[in-house]
Amino acid sequence: MSRSGARAPGRVNLIGDHTDYTGGFVFPMAIDRETVVEGIETAEPVVRLVSASLPGEAVIPLDIDDPSSVEPPWARYVAGVVRELRPARGFSGTVRSTVPIGAGLSSSAALEVAVALALSAMSDTRSIARLCQRAEHAASGVPSGIMDQLASAAGVAGHALLIDCDTLAILPVPIPIDCEIAIVHSGLPRGLAGSAYADRVRECAEAEAIVGPLRLATIEALTEIADATVRARARHVVTENERVLLFAAALGARDLPLAGKLMSESHASLRQDYAVSTPELDALVDELVKTPGVYGARLTGAGFGGCAVALAAPGTFLPAPELGPAPSVVRAVAGATRLA
Ligand code: GLA
C-alpha cells in the first residue's frame, strides 16, 4: 500500500473581491499557512481522515453522492473532492492545518486542494482548481468563484497572482521587497452558507442580463440598470476590476502609496456598493489605515466577517504565528505540492 500526501496553502486576496464569479480580475497570493494531508492507500472503499484540530472523523465512501449532508461539517469538503475524483482505491490518513477557519483565508479551498493532490495524479493547476470549485459547491451549496482554489493550487513564492477569471490566465507579480503584507482578524467568524453571498451572485446575474458581461461593461452603461441596488452591485464589480489592474501596475512600479490608496477605495466600494462589510471590519480598516507605515487596508475575501489585509512598510507589524487581534505578517508562498 503506497503512501501519499500533499500540502496546500490558504490565500489572502490583496484586491479584487466579488469579481471572480463574473469572470473579472482578482489579485490573491498563497500564504504561509497551509493544510497537509498524509496517508496510505487502503483496500477499504472509503476515504478516512482524522484532523489534528477539528473534531470527528471524515469517513467518505468512494461512491458518495451527497457531500452536503456529511458529518462532521469539515468532512463535506473531503466528500466533495471524493465525489469529483472518484478515486479507485481507499485512503486512510490525517489532516493538519495552520489555515485559520472562518477567517476568509480559504481554509476550505486549502483542504480541497490538498485532498485532491493526495488522492490523484492530477497536475494541471487549472483543472485541479476547477474540480475543487465544483467540490466546494457540492459541499457547501455556496456558488463561489474560482479564486480561492486557483490561488491555493497555483501560488508563486514571493508573488501575488493577477488572475483573469474568464480565461484563467495567471500573471505572477513580484511583491516588492520594500513592503509587507499583514492580516488581522475582525473577531467576527465568517461563514458563507447563510450569508448574502448567493444574493450577490444573483444580483450580478441580474445586472448582466441588462448590460452584458460586467467584465466588459463601462460605468456609463450601468445607467441602464433601473434597480438602484443592482446598479450599485454592478458599479462595485466594474470599478473593482479597474482597481485590480491599476493595483497590479502600481505594485509592479513599486508605487506603494498608490497601491494602498486603491486598497482603501476597494474597501469603501465593498462597504457601500456591495454591502459585504461589517462594523467590525470597518473599524479595523479605519484603525489600520491610521497606523504609521500603512499604505492601505481593506477587508479580504467575501466579507461578512473574517479578516482585513494591510499593505505596509517593512517592520510596521510583527510576524505572529497565530492569527489573533494583532496584525500578523504573511509571506507569499508556492502553491500546492505533493509531499516527497
Ligand atoms: C469567497 C469565494 C471566492 C470569491 C470571494 C470574494 O472567498 O470563495 O470565490 O468570490 O469570496 O472575492
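**Around the ligand**

Author: The shell around the ligand splits into four nonpolar, four polar and four charged residues, where Ala, Val, Leu, Ile, Met, Phe, Trp, Tyr, Cys and Pro count as nonpolar, Asp, Glu, Lys and Arg as charged, and the others, Gly among them, as polar. Keep in mind that this is a predicted model, where local features need pLDDT of at least 70, side-chain atom pairs count only at pLDDT 80 or more, and totals for chains, interfaces and linings use all residues. Residues are numbered from 1 along each chain as its sequence is written, and side-chain values use heavy atoms, with hydrogens and water left out.

Reader: Which residues surround the ligand?

Author: A residue is near a molecule if one of its heavy atoms lies within 4 Å of it. Here the shell includes Arg11, His18, Tyr21, Ser144, Met147 and Ala302.

Reader: What lies 2.5 Å from an oxygen atom of the ligand?

Author: For a polar contact, look for a pair of N or O atoms within 3.5 Å. In this model, that's a polar side-chain atom of Asp20. Ligand oxygen atoms also lie 2.8 Å from a polar backbone atom of Gly145 and 2.6 Å from a side-chain N or O atom of Tyr197. The protein covers 98% of the 310 Å² of accessible area that the ligand has on its own, by the Shrake-Rupley method with a 1.4 Å probe.

Reader: Where does the ligand lie relative to domain 1 and domain 2?

Author: Domain bounds come from an automatic or database domain assignment. The ligand lies between domain 1 (3-174) and domain 2 (180-330), because both give residues to its shell. The domain centres, taken over C-alpha atoms, are 23 Å apart.

Key. Polar contact = N/O pair within 3.5 Å; in protein donor to acceptor, adjacent residues only side chain to side chain.
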